[in-house]
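User: I am new to this structure and would like to learn how to read its features one at a time. Please give the general idea first, then the case here.

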Amino acid sequence: MTKPDEPLTATTPRVVRRPVLSQRWMDVTFLHWPVPPAAVAPLLPPGTRPDVLGGSTYVGLVPFRMEAVAFGRGPGLPYLGTFPETNVRLYSVDDRGRRGVVFLSLNAGRLLPALAGRAAFRLPYHWASARVRRAGDRLAYTGRRLTPGRAAGYRLAVEVGDRLDAPDELETFLTARWGLHVDWYGRTLYLPNDHPAWPLHSARLLLLEEDLISAAGLPAPEGPPLSVLHAPGVPALFGAPAAV
């Protein structure tokens, strides 16, 4: 029986009390374009469908710095637990009404974490050269895949603006996602996550050159992103996966 979609909330509806992983997401920038739900539906795991707001779903390009990756609530792994990452993601909902993300690609600046993410969770990680630089309110992100296959990369820069006192419905929809759906060896799993509400800021796009979205199987975006947001960062916990 299909349940209603859960409401959009700034904090998780499923508190993670016994995390299997912890990490920090820092210097996060969110770029989003609307896409027709029918265009992304074939890319989602079985048992999920596009999450839609106002008749559209979205593709996101999200660069950030991963820090302090750890098992459970343990100490962050030295060296391997900190690296730049950029993901391409879609928005999904399952028959239990749980909203989540589906990653089309994750480009990580460390080889071993990329291999571990592929092996343990079947996530589409790619090893990449990547860099995040900050100068005042301006951030620059660069990266290019190093794993075999189709080359893909990005260069983008933003200028961070004012803190958003009250994110609107779309800004919440695009950022407050409390789990991920993944096709795991023929089964669709849901991995819950938990973190404080995003401290969202407006941001102005200064530069964008990328072909990660088309490499992930979607048409290259036409025009600038509809939404550009930034957050200094949050600590995050992941709970045990459960079947959809």
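User: How do the residues of the lining of the largest cavity divide into nonpolar, polar and charged?

Analyst: Some ground rules come first. This is a predicted model, in which local features need pLDDT of at least 70 and side-chain atom pairs count only at pLDDT 80 or more, while totals for chains, interfaces and linings use all residues. Residues are numbered from 1 along each chain as its sequence is written, and side-chain values use heavy atoms, with hydrogens and water left out.
On a 1 Å grid over the protein atoms alone, a cavity is a set of points where a 1.4 Å probe fits but cannot get out, and lining residues have an atom within 4 Å of a point. Ala, Val, Leu, Ile, Met, Phe, Trp, Tyr, Cys and Pro count as nonpolar, Asp, Glu, Lys and Arg as charged, and the others, Gly among them, as polar. Here the lining of the largest cavity has four nonpolar, one polar and two charged residues. They are Glu6, Pro7, Leu8, Thr9, Arg99, Ala176 and Trp178.

User: How many cavities of 30 Å³ or more does a search of the whole structure find?

Analyst: A volume is the space filled by probe spheres set on the grid points, which are joined across faces, edges and corners. The search finds one such cavity, and the largest cavity holds about 30 Å³ of space.

User: What is the volume of the largest pocket, and which residues lie nearest its centre?

Analyst: A pocket is an open set of grid points with protein on both sides within 12 Å along at least five of seven lines. The largest pocket has a volume of about 750 Å³. Its lining has 37 residues, with Leu21, Gln23, Met66, Tyr125 and Phe238 nearest the centre. By type, 26 of the lining residues are nonpolar, eight polar and three charged.

User: Which element gives the largest share of that lining?

Analyst: Elements are DSSP runs numbered from the N terminus: helices (H or I) have at least four residues, strands (E) at least two. Helix H2 (111-121) is among the elements that supply at least two residues each, and H2 gives the largest share, six residues. Other contributors include strands E1 (21-35), E4 (83-94) and E5 (99-108).

User: Is Glu67 buried or exposed?

Analyst: Buried means under 20% relative accessible area, exposed over 50%, and partly exposed in between, with a 1.4 Å probe and protein chains only. Glu67 counts as buried because its relative accessibility is 14%. Glu67 sits in strand E3 (residues 57-71). Contact means heavy atoms within 4.5 Å; beyond its neighbours within four places in sequence, Glu67 contacts Gln23, Arg24, Met26, Gly81 and Thr82.
Asn87, in strand E4, is also buried, at 4% relative accessibility. Setting aside neighbours within four places in sequence, the contacts of Asn87 include Gly60, Phe64 and Phe103.

User: Why does Asp165 count as exposed?

Analyst: Asp165 is exposed because its relative accessible area is 79%. Asp165 lies in the loop between strand E8 (153-163) and H3. Leu226 counts as exposed too, at 53%, in the loop between helix H4 (212-215) and E12.

User: Which residues have the most contacts inside the largest nonpolar core?

Analyst: A nonpolar core is a set of buried Ala, Val, Leu, Ile, Met, Phe, Trp, Tyr and Cys residues joined through side-chain atoms within 4.5 Å. The largest has 32 residues, and Trp25, Val28, Phe30, Leu123, Leu180 and Trp198 have the most contacts inside it. A second, separate core has 25 residues, among them Val35, Val102, Leu139 and Val158.

User: What is the value of phi at Tyr185?

Analyst: Most residues other than glycine have a negative phi. Tyr185 is not a glycine, yet has a positive phi of about 50°. Tyr185 belongs to the hairpin of E9 and E10, which has two residues between the strands.
Two strands pair if DSSP finds at least two bridges between them. Strand E9 (residues 179-184) and strand E10 (residues 187-194) pair in the antiparallel sense over six bridges, and His181 has Tyr190 in E10 as its bridge partner.
Arg122 also has a positive phi, near 60°. Arg122 is in the loop between H2 and strand E6 (125-135), and is partly exposed, with a relative accessible area of 43%.
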